[in-house]
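Hi there,

Here is the structure you were hoping to look at. Have a browse first, and my notes follow below.

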Amino acid sequence: MRLLIADDHALVRDALCAFLAREPDLQVGSAECLTEAVRRIEGEGPFDLVLLDYEMPGMHGLDGLCRALSLNGGLPVALMSGAASRQVAREALDAGAAGFLPKTLAAASLVHAVRFMLAGEIYAPVAFMTAPEPEAATHPLEDKLSERERQVLGGLCRGLSNKEIARELELQEVTVKLHVKTLCRKLDARNRTQAAMVAREAGIA
C-alpha cells in the first residue's frame, strides 16, 4: 500500500512518515506543500491514501482537498489538522474526504485510522466530532483585520518575505506590500517585525 503524507511542518511530517513506515506493508512518501503533493500524485499516483494537512501552503481551505480528490483516481484522500474545527471536519467529509485526523491522535489510533481508510471506510474520531465547540474569544485587534490581512499577518509571524507570502497566497508581491503597510497602520506597528510581535502577543496569528 502506497501512502503520501503532505505537511509543511518538517518535524510532524517526518515523524508521521517514520512511524507509518514501520508497518511492513506500507510504503510512505511525503510532500511539504499542496503543489508538491499534486506533482507527486500526477507523476507517481494514484496513491492508495493521501493525507493532507489542512493548514499547509496551497490548500486554500477545502479547495486543496477537492483538487487532490480529482487527481487521485478515486482512491481515498483525507485531511489532518491540529487546529481545524469540527465544522471544517464535517465539510471535508461532505466534500468526499475519506477521513479527518486530528494531530492529537495517539500513534496506535493513527495506524488504525490509516488502515480503516485503506479498507474503503470513512474515519472520523467520535470524541472529536461530538465534543462541544469552545467559545470563540476574539481579540479586539482581530476585528480590525480582513481575512486576507490575517493570512498575510500569519506569513509575517512565520518570518516569510513578501515574495514568499505572495507565492503562498497566489498574490502579486506589490499587493502583499500594501497589505503589510495596512497591517502596520492597523496594529500601530513601526514595521513588519513589530507587527508580528503585536500579533503574537495578542494571540491573533
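**Cysteines, a pocket and a sheet**

Cys 17 is buried, with a relative accessibility of 13%. Please keep in mind that this is a predicted model.

With a relative accessible area of 38%, Cys 66 is partly exposed. The count of disulfides comes to zero, taking a cut-off of 2.5 Å between the sulfur atoms.

Cys 33 turns up again in the second largest pocket, which has a volume of about 490 Å³ and a lining of 20 residues. Cys 33, Pro 57, Gly 58, Arg 167 and Glu 168 are the lining residues nearest the pocket centre. What is the lining made of? It divides into 10 charged, five polar and five nonpolar residues. Three helices, α2 (34–44), α3 (63–71) and α8 (162–169), each contribute at least two residues to this lining.

Now to the sheet. Five strands form an open sheet with parallel pairing, in the order β2-β1-β3-β4-β5. At the edges are β2 (27–31) and β5 (100–102), each of which pairs on one side only. From one strand to the next, the twist averages 20°. Five bridges join β1 (residues 2–6) to β2 in the parallel sense, and Arg 2 stands opposite Gln 27 of β2.

Best wishes

Notes
Residues are numbered from 1 along each chain as its sequence is written. This is a predicted model: local features need pLDDT of at least 70, side-chain atom pairs count only at pLDDT 80 or more; totals for chains, interfaces and linings use all residues. Side-chain values use heavy atoms; hydrogens and water are left out. Buried means under 20% relative accessible area, exposed over 50%, partly exposed in between (1.4 Å probe, protein chains only). On a 1 Å grid over the protein atoms alone, a cavity is a set of points where a 1.4 Å probe fits but cannot get out, and a pocket is an open set with protein on both sides within 12 Å along at least five of seven lines; lining residues have an atom within 4 Å of a point. Grid points are joined across faces, edges and corners, and a volume is the space filled by probe spheres set on the points. Helices (H or I, at least four residues) and strands (E, at least two) are DSSP runs, numbered from the N terminus. Ala, Val, Leu, Ile, Met, Phe, Trp, Tyr, Cys and Pro count as nonpolar, Asp, Glu, Lys and Arg as charged, and the others, Gly among them, as polar. Two strands pair if DSSP finds at least two bridges between them. Axes are lines fitted to C-alpha atoms, for helices over the stretch in contact, and angles run from 0 to 180 degrees between N-to-C directions.
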